[in-house]
Amino acid sequence: MKQLFFNKALYAILIPAVILFSFTNIVGRVNFSGDWKLNEAKSELGNYAAFAARSIKAEQKDSSITITRTTPGFNGGEPRTTIVTLFYDGRVTESAGFGGSKIKSTCKWADDGLSLTINSNFTFERNGQSNEFKIAETWTLTKEGTLSLVTNSTSPNGDVTTTAIFEKK
């Protein structure tokens, strides 16, 4: 009888604990949802400030994030808006890139759920030459409540790291 009571008590404790810990990765993720505006003064964009997104809208869901970016137009033209939905399961999302190129992107949460890394690559053809670009962009929320995007880019011109800081609108 004592053994039966002990087994029931053990299961009564273990089952809720297993269920709770199986969802901690989902529950513990930060939420990037919102409308964000670039704070260029707090950012470290170097020579790439002219190409940085001026605003970002993020719509985060349980299985995906939809990101809308507005960047300056080429040579002072109309601003360009791009929208991409990325899935946390590792599937590749294709989107339109510069000059008709296709950008292939994936995203992955850090184990602690505090940052999201978006990996993208594309090949750009110009004057008969093919140039490959690889970009790793890590999203985090700072203690001040700003969105920090640290971007590591690799291209034929070398490696570049920038940090863009966005504030909620």
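These are my notebook entries on a predicted model of one protein chain.

**Ground rules.** I number residues from 1 along each chain as its sequence is written.

**Overview.** I looked up the elements and found two helices and ten strands. Here helices (H or I, at least four residues) and strands (E, at least two) are DSSP runs, numbered from the N terminus. Read from the N terminus, the order is α-α-β-β-β-β-β-β-β-β-β-β. Next I checked burial: 32% of the 169 residues count as buried. Buried means under 20% relative accessible area, exposed means over 50%, and partly exposed is in between (1.4 Å probe, protein chains only).

**Aromatic rings.** How many aromatic pairs does the structure hold? I found four. Rings of Phe, Tyr and Trp (its six-membered ring) pair if their centres lie within 6.5 Å; planes under 30 degrees apart count as stacked, over 60 as edge-to-face and the rest as tilted. F122 and F133 are stacked, because their ring centres are 5.0 Å apart and their planes are at 10°. F122 sits in strand β7 (residues 115-126) and F133 in strand β8 (residues 129-141), eleven residues apart. F122 is buried at 15% relative accessible area, whereas F133 is partly exposed at 23%. I also noted a cluster of F32, Y88, W109 and W139, linked by ring pairs.

**Charges over rings.** For this I need NZ of Lys or CZ of Arg within 6 Å of the ring centre and within 35 degrees of the ring normal. R29 lies over the face of Y88, 4.9 Å from the ring centre. R91 lies over the face of F87, at 3.9 Å from the ring centre.

**Salt bridges.** I counted three, each a side-chain nitrogen of Lys or Arg within 4 Å of a carboxyl oxygen of Asp or Glu.

- E167 pairs with K42, with the closest N and O atoms 3.3 Å apart. E167 is in strand β10 (residues 158-168) and K42 in the loop between β1 (34-38) and β2 (55-60), so the bridge ties together parts 125 residues apart in sequence.
- E137 meets R69 at 2.6 Å, N to O. E137 lies in strand β8 and R69 in strand β3 (residues 64-71), so parts 68 residues apart in sequence are tied together. Both E137 and R69 are buried.
- R91 meets D89 at 3.0 Å, N to O. R91 is partly exposed at 42%, and D89 is exposed at 54%.

How values were computed
Predicted model: local features only at pLDDT ≥ 70, side-chain atom pairs only at ≥ 80, totals over all residues. Heavy atoms only, no water.
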